[in-house]
Amino acid sequence: MSIALYPGTFDPPTLGHFNLIQRMVTHFDRVLVAIGHNGAKTPTFPSEERIHLLKTLTRQMGSVEVHAFDGLLVDFAKSQGVTVIVRGLRSLLDLEYEQVQAQMNRQLGGMETLFLMVDEKYRCISSTLVREIGSLGKRLHAFVPQEIEEAVFHRLSSL
Ligand code: COA
């Protein structure tokens with residue numbers, strides 16, 4: 001059975017993340033979407049809220065599970081029987097960072113990373129830009145999925 005892990009901060013999830021999850025579902029038996037901690041980032045959305053947003057987005061997808069984990073990605077991946085990590089690449093700018101992460105995850109836990117190119121429509125979207133635009137009072141329909149736009153906008157516009 002192929003079990004793929006899609007890790008990220010998801011602060012908040014965007015159309016780009018959702019597109020990648022939809023595409024992963026067609027290639028793997030199980031897809032674990034997992035919220036991890038990036039030491040360089042202080043999240044705006046509490047972990048429980050990000051779990052709720054991702055669950056809302058994936059509730060029609062029977063093969064998708066949403067998790068949050070502490071500690072090393074490779075340890076969580078192994079504990080779940082994951083066969084491969086999947087990450088999205090938006091442009092060459094992402095490549096250098098991702099290359100280091102992938103190499104480190106292979107070294108730390110023998111875990112391979114597969115890269116999917118982010119759909120061209122979503123290449124300019126990042127969670128940071130979504131947070132900035134929402135906190136300045138602009139609606140977010142062009143950047144986050146319809147099902148969670150209200151909740152994301154509500155939190156950001158009340159910061
Ligand atoms: N479409 C559009 N944008 C996307 C995207 C997609 N498909 N995939 C990622 N992005 C954006 C995100 O919005 C995010 O934007 P931001 O920088 O403005 O927040 C950015 O690309 C990358 O972030 P994300 O995918 O959330 O990953 P991350 O680098 O913040 O998260 C973890 C990395 C959590 C996976 C990593 O820190 C980790 O593994 N932590 C656990 C500890 C560990 O094992 N550390 C050692 C790792 S070698």
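Biologist: Is Phe115 buried, exposed or partly exposed, and how is that decided?

Modeller: Buried means under 20% relative accessible area, exposed over 50%, and partly exposed in between, with a 1.4 Å probe and protein chains only. Phe115 counts as partly exposed because its relative accessibility is 31%. As for the origin of such values, this is a predicted model, in which local features need pLDDT of at least 70 and side-chain atom pairs count only at pLDDT 80 or more, while totals for chains, interfaces and linings use all residues. Residues are numbered from 1 along each chain as its sequence is written, and side-chain values use heavy atoms, with hydrogens and water left out.

Biologist: Where is Phe115 placed, and which residues does Phe115 touch?

Modeller: Helices (H or I, at least four residues) and strands (E, at least two) are DSSP runs, numbered from the N terminus. Phe115 belongs to strand 5. Contact means heavy atoms within 4.5 Å. Not counting residues up to four places away in sequence, Phe115 touches Arg87, Leu89, Glu98 and Ala102. Of these, Glu98 is 17 residues apart from Phe115 along the chain, with 9.0 Å between their C-alpha atoms.

Biologist: How is a pocket defined, and what is the volume of the largest pocket?

Modeller: On a 1 Å grid over the protein atoms alone, a pocket is an open set of points with protein on both sides within 12 Å along at least five of seven lines, whereas a cavity is a set of points where a 1.4 Å probe fits but cannot get out; lining residues have an atom within 4 Å of a point. Grid points are joined across faces, edges and corners, and a volume is the space filled by probe spheres set on the points. Here the largest pocket has a volume of about 1,000 Å³.

Biologist: Which residues lie nearest the centre of the largest pocket, and which element gives the most to its lining?

Modeller: Gly8, Lys41, Arg87, Tyr97 and Glu98 lie nearest the centre, out of 45 lining residues. Helix 4 gives the most, with 10 residues. Among the other elements that each supply at least two residues are strand 1, helix 1 and strand 5. For the classes, Ala, Val, Leu, Ile, Met, Phe, Trp, Tyr, Cys and Pro count as nonpolar, Asp, Glu, Lys and Arg as charged, and the others, Gly among them, as polar. The lining has 20 nonpolar, 18 polar and 7 charged residues.

Biologist: What is a salt bridge, and how many does the structure hold?

Modeller: A salt bridge is a side-chain nitrogen of Lys or Arg within 4 Å of a carboxyl oxygen of Asp or Glu. The structure holds 9 salt bridges. In one of them, the side chains of Glu65 and Arg30 meet at 2.8 Å, N to O. This pair links distant parts of the chain, with Glu65 in strand 3 and Arg30 in strand 2, 35 residues apart. In another, the closest N and O atoms of Arg155 and Glu49 are 2.6 Å apart. Here helix 6, which holds Arg155, is linked to helix 2, which holds Glu49, across 106 residues. Arg139, Glu149 and Glu150 are linked in a network of salt bridges.

Biologist: Why is helix 1 described as largely enclosed?

Modeller: Helix 1 is largely enclosed by the rest of the structure because 8 of its 11 residues are buried. His17, found in helix 1, is buried, with a relative accessible area of 17%.

Biologist: What does the side chain of His17 reach, and which residue caps helix 1?

Modeller: A polar contact is a pair of N or O atoms within 3.5 Å; within protein, one must be able to donate a hydrogen and the other to accept it, and residues adjacent in sequence count only if both atoms are side-chain atoms. The side chain of His17 reaches the backbone nitrogen of Thr14 at 3.0 Å. Thr14 caps the N-terminal end of helix 1, with a side-chain oxygen 3.2 Å from the backbone nitrogen of Gly16.

Biologist: Which peptide bond is cis, and where is Pro12 placed?

Modeller: The bond from Asp11 to Pro12 is cis, with omega near 5°. Pro12 lies in the loop between strand 1 and helix 1. Phe10, placed in the loop between strand 1 and helix 1, has a positive phi of about 50° although it is not a glycine.
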